[in-house]
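Hi everyone, thanks for coming. Let's take a look at this chain together.

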Amino acid sequence: MDYVAALLPPVVMAVAFTCLIVTMIKSQGGANKSKEDAAVDAALARTESARQEPTAHGA
């Protein structure tokens with residue numbers, strides 16, 4: 001029974017990881033793709049402007 005107790009956690013984690021990957025792949029694209037892309041583009045633009053702002057106001 002020790003081998004079952006030793007193998008159970010890795011097997012459970014492998015199944016959970018596989019389910020996570022399958023869910024991520026299935027949720028790619030579709031009707032929300034343009035909305036997700038726009039959200040990522042907006043976040044990147046905010047990051048870029050925040051990074052460049054201190055140098056523009058510097059001495």
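Helices (H or I, at least four residues) and strands (E, at least two) are DSSP runs here, numbered from the N terminus. This is a predicted model, where local features need pLDDT of at least 70, side-chain atom pairs count only at pLDDT 80 or more, and totals for chains, interfaces and linings use all residues. Residues are numbered from 1 along each chain as its sequence is written, and side-chain values use heavy atoms, leaving out hydrogens and water.

The chain has 2 helices and 0 strands. Valine 4 sits in helix α1, residues 2–26. Of the 59 residues in the chain, 0% are buried.

Back to α1: this helix bends by about 30° at leucine 8, with proline 9 following within four residues. The bend is the angle between axes fitted to the seven residues ending there and the seven starting there.

Terms used
Buried means under 20% relative accessible area, exposed over 50%, partly exposed in between (1.4 Å probe, protein chains only).
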